[in-house]
Every structure is written in C-alpha cells, then in structure tokens.
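Thanks for making time for this today.

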Amino acid sequence: MNIIIAGATGDIGTAISLFISRKHPDANLLLLFRDEARKQILKKQLEGQNAQFLPITDPFANEEIILHAFSSFTPHAFINAIGDGFYAKVEDAKLGLMDASYEANFKVPFYLSQLAYKIFLKQKNGHIIFINSVSGLEGFPYGALYCPFKFALKGLADVMYKEGKRYGIRVSSIYPGIVKTRLLNKMPFVPKKGILRPEEVARAVDYLLRLPPEAEVKDLVLKNCTLTWR
Ligand SMILES: NC(=O)c1ccc[n+]([C@@H]2O[C@H](COP(=O)([O-])OP(=O)(O)OC[C@H]3O[C@@H](n4cnc5c(N)ncnc54)[C@H](OP(=O)(O)O)[C@@H]3O)[C@@H](O)[C@H]2O)c1
C-alpha cells in the first residue's frame, strides 16, 4: 500500500506515519514536510521502513515537482494532517491571521488533496482522508479564525466524496476533539484531563484504510468522552 501523508512532521502526522509503518510492513510512505529538523527526527524513527520525504516549503511554486512525485508514487491513499491553530474571539480576530489560517487549514490542504485527487481520477481508485476537527462540525468560543476554515474543509470533502464516488475514489474525514499536540500551546484554555493521544487519530486512520471495498465511513467523529462542550 502506497500512502502519501501531508503534514507528516506534525504531531498527528508523525503518529500516523509511525502507526502505519508499524501496522503495515508492506506500506510505502511518501511524507510531505516543511520543517527540516522535525523531518530528520522522523526519518530516524522510521529507519529501515519504506519511507521517502518530499519538501513542500513553497508548494504553489512547485506544482510540477509535487505532481510528478505523486504520480510516480502511484498512491493508494492521501492523508491530510496539515493545519494550524489560530484562536481569537470574534471581536479580536485580525485579518492577517485570517489569511494565515485560511492558508494552513484550507488552501494548502485543498491544493495538495486536489493534486492527489487528479492522480486518483486517472487511476480510477484512491482514498483521501482529511484530519479535520470537531471545529469543522460545530463552532466553539475563540474559534472565529479556525472553525470557518475547518467547516470549509468539510465542504470540500463532501464535494469530493460525491464527485469522486463514480470514479472509485473514497473520501473520509476524521473529526477529533482535543488531541495532545503542540497545537495545545496556542489554545486559550486546555482541559486538564480527557485529552486524546495522537495515536488514537492514527488508529482511526488505520481503521479507515483497512475497510473492505463494500464498506465506507465518510465521517468519523472522535470526541473526548469526558469533556462537556459548550
Ligand atoms: N491538536 C488538536 O487538538 C487537534 C484537534 C483536532 C484537529 N486537529 C487538526 O489536526 C491536524 C494536525 O495538527 P497537530 O495537532 O498535529 O498540529 P501540528 O503538530 O502543529 O501539525 C500541523 C502540521 O501542519 C503543517 N502545516 C501547518 N501550516 C502549514 C502550511 N501553511 N503549509 C504546509 N504545512 C503546514 C505543519 O508543518 P510544520 O511541521 O512544518 O510546521 C505540521 O506538519 C491539523 O489540521 C489540526 O487542525 C488538531
């Protein structure tokens, strides 16, 4: 199984990369990253596994390179774990941060998943998995700069799901609650207990990848069971 993971050097992306390489010894991974230092750490953790890395520091200027890397990899699945936390109350949300949130949470995921979708169209087969968020299903306080773009990503996933179905393309989204990653450092408040581990998201990805052809899961909501959402 050939799997592309975008945002592989993020905490959830790393957990997915390690989990898949452990559970699927036959897997080949194409790991998209920006941060060279984090890439070196992941490379070390994946020593002996079939993993190659592709930098996406300036993805829009390097479409040909990325498309060529995707198509020669003949992927079975594309997983987006790119995104970033921008938290502000409605009255404090700044336009500059809105652009940055749009880029990280929607534009780059759209662009890369669209490139993968084009390959899957040609192959008449493929699985796109978006790591979205419960913030893509529901608005939360301090989410003025975050929730709208996660909603937009759900919109894209819904369109891809319906358009892709007739071409053998599967589209799934995972909507995790709060996960213990570096993103928490940016959140205005973090509950002391009940936080998910990145490995739980990885386990959900693995579950989706193992579904037989006759079964599909479009949306998988992975909530923090002890948290009360307001
Ligand atoms: N942590 C949570 O509580 C939580 C809950 C629900 C959903 N999520 C979602 O899960 C995904 C992964 O988040 P995480 O918690 O693992 O955070 P993380 O460790 O910060 O990982 C985010 C990843 O996205 C990449 N990235 C950010 N902005 C980018 C951009 N403009 N272009 C290209 N790559 C970019 C980062 O690359 P670099 O390493 O180069 O910075 C990193 O690999 C995000 O979409 C996040 O919204 C997180």
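Let us start with Ile3, whose bridge partner in strand E2 is Leu29. Please keep in mind throughout that what you see is a predicted model. That pair belongs to a set of five bridges that join strand E1, residues 2–6, to strand E2, residues 28–33, and the two strands run parallel.

If we now step back from these two strands, we find an open sheet of seven strands, which is ordered E3-E2-E1-E4-E5-E6-E7 and paired in parallel fashion. Which strands sit at the edges of this sheet? They are strand E3, residues 51–55, and strand E7, residues 219–222, each of which pairs on one side only. On average, neighbouring strands in the sheet are turned by 15 degrees against each other, if we ignore direction.

Next, the helices. Take helix H4 as one example: it lies across E1, strand E4 (77–80), strand E5 (126–131) and strand E6 (169–176), and it runs at about 165 degrees to E5. Helix H5, residues 147–165, lies across E5 and E6, and its angle to E6 is about 155 degrees.

Now for the ligand. There are 25 residues around the ligand, and those that come nearest are Gly10, Ile12, Arg34, Gly83 and Thr181. When the shell is sorted by class, it holds 11 nonpolar residues, together with seven polar and seven charged ones.Finally, let us look at the chain as a whole. Along its principal axes, the C-alpha trace spans about 45 × 40 × 40 Å. Why can we speak of a compact globule here? A compact globule with 230 residues would have a radius of gyration near 17 Å, and the protein chain has 17 Å, which agrees. Of those 230 residues, 39% count as buried. If we take the contacts in the protein chain with a separation of 6 or more, 69% of them are between residues 24 or more positions apart.

Definitions and conventions: Residues are numbered from 1 along each chain as its sequence is written. This is a predicted model: local features need pLDDT of at least 70, side-chain atom pairs count only at pLDDT 80 or more; totals for chains, interfaces and linings use all residues. A residue is near a molecule or strand if its C-beta atom, placed from the backbone, lies within 6 Å of it. Ala, Val, Leu, Ile, Met, Phe, Trp, Tyr, Cys and Pro count as nonpolar, Asp, Glu, Lys and Arg as charged, and the others, Gly among them, as polar. The radius of gyration is taken over C-alpha atoms; the globule rule is 2.2 Å times the number of residues to the power 0.38. A residue is buried if 20 or more other C-beta atoms lie within 10 Å of its own, exposed if 12 or fewer, and partly exposed in between; C-beta atoms are placed from the backbone. Two residues are in contact if their C-beta atoms, placed from the backbone, lie within 7 Å. Two strands pair if DSSP finds at least two bridges between them. Helices (H or I, at least four residues) and strands (E, at least two) are DSSP runs, numbered from the N terminus. Axes are lines fitted to C-alpha atoms, for helices over the stretch in contact, and angles run from 0 to 180 degrees between N-to-C directions.
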